[in-house]
Structures are given as structure tokens and as C-alpha cells.
Amino acid sequence: MPTQELTEVQQIVQELCLMNNKFMNKVFENNIPAAELLLRIILKNDKIKVKEVKVQNFIQNLYGHSAQMDILAQDEAGVYFNVEVQRSDEGAPAKRARFYSSLLDSNLLKAGKQYEQLPVTYVIFITENDVLQGNMPLYDIDRVIKQNGADFGDGTHIVYVNSKVQDDTPLGRLMQDFYCKDPARMHYSELAAKCGYLKNVKESEADMQDIIEQYAEKRAQKAVAKAEREKNKELVIKLSCKGMSVEEIANILDITEAQVRELAEKRSA
């Protein structure tokens, strides 16, 4: 890889934060202290002791849709935690949370086991926007009995974290760290240590290879799109000079009339 390209890649890596789910996966992979910190703050439970944490854990559903979970952790009490980072509102609908919860159940209850042996599960979405639109930093969702408000007690929990709220609370500071690009400015050392390693230690380049490749692919796609756009701009100019209408040019170039007008405006500007 040429020196200039390597420098560009390093710059991209420096711009990554934990809201990038691929980078987050690298930070949390086998990182028990970071997983404990995350869960203790979100669930307000300092007694959580994580014994295992996996990333990009693929759960197979033989009869329907399968899922690849960002983070899947288990604590010493046998509780399972699935944590997902979603930057798109469309990626965190209520029914996705329901599906992930049900998929955990179907895979955690082995043949011959009683229903009471189902473990307690948490599905946690950390969202870029306030998806549930309640103007709250965190939403705890449990099943309750409507008539008396009592907890149904089925052991399933869904939590939405609104990362827009970055106030001076433990959760707010955690969300600040999720957007922080400089490990030296992070509040929590459990996150800063791995972020710093991945961003600044030469040996981490192998760990970051898939992110680097993704960046290279996106850069290539942008280059192709830019070249196509420049080509279309030249054609719009030529066809306009021949007296063709916007509709005719759009049909020839297989683009929208709005795109034709935009390219024509950029030419005149």
C-alpha cells in the first residue's frame, strides 16, 4: 500500500468512534471490562459481572430470518445481554427488538429443558436519534399486566438508549465516549484503552483490516459515482445545447429530471 494511501487510511481510522458498529465490535471483542462498564451504566447495576462477551454473533434460524448480533454477553448469573448500535432509525424498530428477543429465547432453551429454565435476557439498542420520541435518555421496556400494572415476570427486557442525551451523568458521559474520536478525551478508561490501541498502535493494523477494506471499497464506489456524475454533466451540457428538453435528456441518460436540472445548475454556477 503506497505511503499516501496508508496515511489516508490512518486518517479514516482516527475519525472512527464507537457509533461505528464495526469499530465498536473491535473495541468490545473479548473485552470484559468494557462490556461490564457498558451494562452496569445502562442498567444501573454495579453487581453485573460479565464472564463472556462475543461480537458479530450469528444466530441461525432454520425456519425464518436469522440475525447477526453486534454484542452478545453473558454474566455470572446466566443473564444474556444483546447490545446493538443503530445509527439509522429504520434499523431499530420495536419489532426488531421483539424479534431479537425471541431469537435469543429460541436458541437458549435447549431440547428437553423446561420453560422455567429460560435465562433472563436484555436486548439493548443504542440509537443515534430519539427513536421512541419521548425525549428521554433511556427507555426500559418490560411486559406488564394492564389491569394492575404488575410485572409479568417473563424475564425479557428491552432497553433503548437515546445517544443524543450527553449530559453530566454516568450514562450521558458514556454516550459522549461513544461519539469521542480521541481516546485521550474519553471519560472511561475501559473504553479508552482499547480505542487507543486500535487507533495508535502499529500492531493493531491487522485487527483493523476489515474496516480498512470497507473504507477502500466505499472510496472506490465514490470514485466511480463521481466519474459517472462528471460524465453526465458533460452530456447534459451537450444535449442542452442541441435544444433537447429536460425530459428527453433524463430519458437518454436514465436519470431523473431533478438530477438533470441539478447538473445544469452546477454547470451554470
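1. Helix 2 and helix 6 cross in a right-handed sense. A crossing is right-handed if the near helix is turned clockwise from the far one by less than a right angle, and left-handed if anticlockwise. Helices (H or I, at least four residues) and strands (E, at least two) are DSSP runs, numbered from the N terminus.

2. This is a predicted model: local features need pLDDT of at least 70, side-chain atom pairs count only at pLDDT 80 or more, and totals for chains, interfaces and linings use all residues. Residues are numbered from 1 along each chain as its sequence is written, and side-chain values use heavy atoms, with hydrogens and water left out.

3. Helix 2 covers residues 21-28 and helix 6 covers residues 189-200. Their axes lie 9 Å apart, and the packing angle is about 110°. Axes are lines fitted to C-alpha atoms, for helices over the stretch in contact, and angles run from 0 to 180 degrees between N-to-C directions. The two helices are therefore roughly perpendicular to each other (65 to 115 degrees).

4. Which residues in helix 2 meet helix 6? They are F23, K26, V27 and F28. Helix 6 brings L191, K194, C195, L198 and K199. The contact residues divide into six nonpolar, no polar and three charged. Here Ala, Val, Leu, Ile, Met, Phe, Trp, Tyr, Cys and Pro count as nonpolar, Asp, Glu, Lys and Arg as charged, and the others, Gly among them, as polar.

5. The whole structure holds eight salt bridges (a side-chain nitrogen of Lys or Arg within 4 Å of a carboxyl oxygen of Asp or Glu). One of them joins R87 to E128, with the closest N and O atoms 3.2 Å apart. This pair links distant parts of the chain, 41 residues apart. R87 sits in the loop between strand 3 (80-86) and helix 4 (94-108). E128 sits in the loop between strand 4 (121-127) and strand 5 (138-141).

6. R173 and D168 form another salt bridge, at 2.7 Å between the closest N and O atoms. R173 is partly exposed, at 22% relative accessible area. D168 is exposed, at 63%. Buried means under 20%, exposed over 50%, and partly exposed in between (1.4 Å probe, protein chains only).

7. Is T121 buried or exposed? T121 is buried, at 0% relative accessibility. This residue belongs to strand 4.

How values were computed. Angles under 35 degrees count as roughly parallel, over 145 as roughly antiparallel, 65 to 115 as roughly perpendicular and the rest as oblique. Contact means heavy atoms within 4.5 Å.
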